Amino acid sequence: MTTTSALPLAAGLHGPLRERSEALRLASVEAERARAGSGRLVLLRGATGMGRTTLLEAVAGQEARHGMRVMRARCSVEESAVPFAVVRQLLDTGPGPYTGPGPYTGPVAYDTPGPDDAPGPYPGPGATPAAESAGGRAARGDSLHGSGPAAMLWALLRSYAAEGPILLTVDDVHLADPSSLRWLTQVARLLDRLPVLLVVTERRQYDIGPAAPGFAHALSPALVQTHTLGPLSPAAAGSLVRERFGVEPRQEWVDGCVRAGAGNPLLLRALLEDLGAVASGGSAPAAFPESAGELYPGAFTAAVSWWLDSAGQETAAVARTLALMEDAPDPAGLIAGVAGADPARVPGWLTAMVRQGMLARCTEPGRPRFAHPLLREAVLDGWSRRRREAAHRTAAQLLHRGGAPAEAVAHHLLRSPVAATGWAVDALMDTAATAARAGRTGHAADCLRRLLDEPLTPERRGAVLTELGCLEYDMKSPSGVSHLTEALKLQREKGDQVRVASALGTALAHRGEVHAAVVVLRELDEDLVDRPDLLHAAQAATVLLSAHDAGAWLRAIGRLRRTGLRTPQLLDPTGQIMLTRYETTAGLLSAHRAMERVRALSEPFMEPLVEPYVLGTAAAVAQWADHLDEAERLTARGLASYRPQLLHPGHQALLNTRADIAMASGRYEDLLADRAAWDVPEEGGADAEPVRPGRPGPLAPAVRGHAPHHAATNIRAQAVIALVETGRMAEAQRICRSVSGQGAQESWEWNRFLYSRGVLRAASGDPEGAIDDFLECGRRQSARDVVSPVVTPWRSAAAECHLSLGRPQAALPLAEEEHRLAAVWGTPRTVGRALRVLGAATGGRRGLDLGAQAVELLGDASVDTELIPALISQGRQLTAAGQRGRARPLLREAADRAERLGAARLGAAAEQALREGGARPTGAPRTGTGALTSSELRVAGLAAEGRTNGEIAELLHLARRTVETHLTHSYRKLGIRRRAELPSVLKDSGS
């Protein structure tokens, strides 16, 4: 017989109890009743780890202090086959005579378990089993009122009860041997006649396997007081965490412990044990662990493993399957199939686990999740890599058979070994294509890499390598070129050879290997003699890629010019349009003549492979000629046929032209809307902002969601100017810093960047640095025979910087040369800009006349981006000449136009010029239609006509998000809240 020593109230084997006072009160009430002579059964039920044993010890200590004799038994799997093992442990029977009341006159006898698990003679612990026939055992039975062991043990208990009130505690009764269970059940029916309180604990939770009947299932509810232990509340769990560490831990750290512990005392204490092992000075670690591998000595993972073992193999398999599938689409629908569990019981188990705190409450239907990633990882710890891969393969098969989307199937194929089946290849291919179209480049590349593990035909392997190489180039991965090189070797069809060679050449050229790019394409010439369409496409790609190196560009153009002079009939449309571009930039053609040529060349039917080159070049010339609408149409037409999975030299040319069109139109916000096209955060920079690729902007309307390969230096250069014009100087400086060390500096795009950096320096008060950039840009462009100001007006820009430094003599030759070249091209934009700068450099009455001509020319052509600076320049000259009255209207008009255009820098310059002239600032309208920028007014007008955001985006070639932004700004400025108010507001204002 054993008794317990007193334990402190609400304390147990593992520290203080939390939120168990109700159970202690229940036990106290029933103990008082037992001491009065009428006992009862108290059943404490709870899931694994809820503290049943600790609570039972607390009950024993509590009642021992009140004078009850405590007798204990703890059930175990090891003794579950030994008859009356629990009762013998409880009553502590052993060798020796029994002298108490009743018919018993000797030691209690038992037998080893027989077929019927009926007790037989066994004279105490350690004795040899006695032989007895099965018929004798059956005849004797387990009745408390017979002559067998059950009756003897009942008599023994009664004898103990005669000495005083008794508390019987049985821990984990669900593990008891059958004989003991029957005895305890019979005793529970008779306790109301004895001063005996029986308190038992039982594991009861929803498991996947069929549940055994509970201990009290055959008892009348009147005979049992049942209490179920639930998980700890966040407050109680948090108090345990704070008590463990002397220094108050951060709240987010406490929250991490509470969630990972899932309100389960066992798991929480194990977690705190691990965290305490790495704590310094009793304080909580600085950062909450992100992985179970950071926990030492591993008590938490061991506790979770024990929790799963207690639940049984079927439940453990379901839990681990859920942990593995948590990130998969619709994991709830897969769990039963992958784990081989009864699908009817899995939903109930998920609900039970949410109530127990192991799973978080679902925020998305069908997506159950563990309460914390640490808990999920610890659950999954029991599965090897091979077991996990096998589960993912099973999931993929189940989804495929059920007709699930390819992306759901591919999710699991990416995590499983080779499937060697056609459906697996198709699912990965389809998912890669979908991801690429959506701008999820990394995911698409993962699918294609996984595809390379499958058995593929050479043709299909070549296609996979091509797409993978293009995506890896987009991701700046060095393996992109090697995969494209391997893909080119596998191509057998000549058209595919040209496509892959063009993609490989693009990748090589953009990393500075222009000579290698040219060699790759020219090696195809001999094999393409019988396919002139393919030969022309390869030659066009060669010319376009040669532009990234001055020497290669001049050699390529030289070959075209010689062909045109000697055998013009051999010059195809791509060659002719490339020559037109060259002669335009060399200052040899007027805009009128250049447009005649490109229109003639871009209208007829073209082979698909050469179309992007022709349309891209035609669009660039149309943009230079200020035929912006036509340039937009040509660009959109070229982009519409682009395959986002394939690199193409003409695609980036089209995107570059789209950016140039946006800048020429003054659509700065449209250009900047697609951050993925130009923003590159500085590594470690304090002001670095995340770039979120995938949201399309005006640079790629026909390829929704696909960011351009390797954000082009030219697009970044245009973004720098747009940022300067909109007053976002810090961002412009950051982009310049990010570009300065990148790319091949011999490329034509680098010249554009030098010009944009010069613009930034001039606007930042560094005219000397700006002059250096402008002149270097001019030197590099002249080395390519690019002298026309249609590309970059570096002469005018340098001349303005000289003027700001008081050096008109240095400015005048630059301005005169620009005016001469502008006159050749003959568009209002180039001529008006040249006249403005020439007038400022000339000064005097002639300077005023030249400035007036610039204002008139640009005003008639409605070229606001050049008209505003011309108005400011003319206003300043008039102010300097003492004609302030004539200057003010010009400056006010400039300020008004700048406000509507969103050109903050020019607006500030106009306001400053007004102040210098003694006039008050214009106080440009902040509200009303007058405050709308041209882009906002255009979008608001279409919305007022009943167009949807999607239709507006399509019409204006904008991203849907850009349309939404413009409308939001318009609502604020117009003082309205709904789209329906737009028509009346715009009508009242006459807009």
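This is a predicted model: local features need pLDDT of at least 70, side-chain atom pairs count only at pLDDT 80 or more; totals for chains, interfaces and linings use all residues.
## Overall composition

The protein has 991 residues, and 55% of them count as buried. Its secondary structure comprises 45 helices and 9 strands. Of the contacts between residues at least 6 apart in sequence, 68% join residues at least 24 apart.

In soluble globular proteins, nonpolar side chains tend to be buried together. The largest nonpolar core of this model holds 87 residues, and Leu 271, Phe 300 and Leu 375 touch the most other members. Helix α11, spanning residues 313–325, gives the most to this core, with 8 residues. Leaving aside residues up to four places away in sequence, Leu 375 is in contact with Ala 260, Ala 262, Leu 267, Phe 300, Val 304, Met 358 and Phe 370.

Another core, of 74 residues, lies apart from the largest one; its members include Ala 662, Ala 722, Val 831 and Ala 919.

## Enclosed cavities

Rolling a probe the size of a water molecule over the atoms shows where empty space is left. In this model, the count comes to 5 cavities of 30 Å³ or more. The largest cavity contains about 440 Å³ of space. Its lining consists of 27 residues, with Leu 544, Ala 547, Arg 581, Trp 748 and Arg 752 lying nearest the centre. Two or more lining residues come from each of α21 (494–510), α23 (532–546), α25 (573–585), α27 (611–624), α29 (649–664) and α33 (748–763). Of the contributing elements, α29 gives the most, with 6 residues. By class, the lining of the largest cavity has 12 nonpolar, 10 polar and 5 charged residues.

The second largest cavity holds about 50 Å³ of space. Its lining is formed by Gly 666, Arg 667, Tyr 668, Glu 669, Leu 901, Gly 902, Thr 933, Ser 935 and His 966. These residues divide by class into 2 nonpolar, 5 polar and 2 charged.

## The largest pocket

The largest pocket has a volume of about 1500 Å³. It is lined by 46 residues, of which Glu 725, Glu 800, Arg 836, Pro 869 and Arg 905 lie nearest the centre. Helix α39, residues 864–880, supplies the largest share of this lining, with 8 residues. The lining of the pocket comprises 26 nonpolar, 9 polar and 11 charged residues.

Ser 862 is found in the loop between α38 (844–861) and α39. This serine has a phi near 55°, a positive value in a residue other than glycine. Ser 862 counts as exposed because its relative accessibility is 57%, over the 50% cut-off.

## Helix α42

Helix α42 covers residues 934–944, and its buried residues are Ser 935, Glu 936, Val 939, Ala 940, Leu 942 and Ala 943. Viewed down the helix axis, these buried residues fall within an arc of 160°, so they line one face of α42. An α-helix has 3.6 residues a turn, so residues three or four places apart point the same way. Ser 935 also belongs to the lining of the second largest cavity. Just after α42, Gly 946 adopts a positive phi of about 100°.

## Buried residues in a loop and a helix

Leu 646 lies in the loop between α28 (628–640) and α29. With a relative accessible area of 10%, this leucine is buried. Leu 646 and Thr 466 are 180 residues apart along the chain, and their C-alpha atoms are separated by 7.4 Å.

His 802 is located in helix α35, residues 794–804. Its relative accessibility of 11% is under the 20% cut-off, and His 802 therefore counts as buried. Beyond residues up to four places away in sequence, His 802 touches Ile 771, Arg 807, Ala 810, Ala 811 and Leu 814.

## Backbone features in two further loops

The peptide bond from Tyr 296 to Pro 297 is cis, with omega near 10°. Pro 297 is found in the loop between α9 (265–277) and α10 (299–311).

Asp 172 occupies the loop between β5 (166–171) and α6 (178–190). Although Asp 172 is not a glycine, it has a positive phi of about 60°. At 15% relative accessibility, this aspartate counts as buried.

Terms used
Residues are numbered from 1 along each chain as its sequence is written. Side-chain values use heavy atoms; hydrogens and water are left out. On a 1 Å grid over the protein atoms alone, a cavity is a set of points where a 1.4 Å probe fits but cannot get out, and a pocket is an open set with protein on both sides within 12 Å along at least five of seven lines; lining residues have an atom within 4 Å of a point. Grid points are joined across faces, edges and corners, and a volume is the space filled by probe spheres set on the points. Helices (H or I, at least four residues) and strands (E, at least two) are DSSP runs, numbered from the N terminus. Ala, Val, Leu, Ile, Met, Phe, Trp, Tyr, Cys and Pro count as nonpolar, Asp, Glu, Lys and Arg as charged, and the others, Gly among them, as polar. A nonpolar core is a set of buried Ala, Val, Leu, Ile, Met, Phe, Trp, Tyr and Cys residues joined through side-chain atoms within 4.5 Å. Buried means under 20% relative accessible area, exposed over 50%, partly exposed in between (1.4 Å probe, protein chains only). Contact means heavy atoms within 4.5 Å. The arc is that of the directions from the helix axis to the C-beta atoms.
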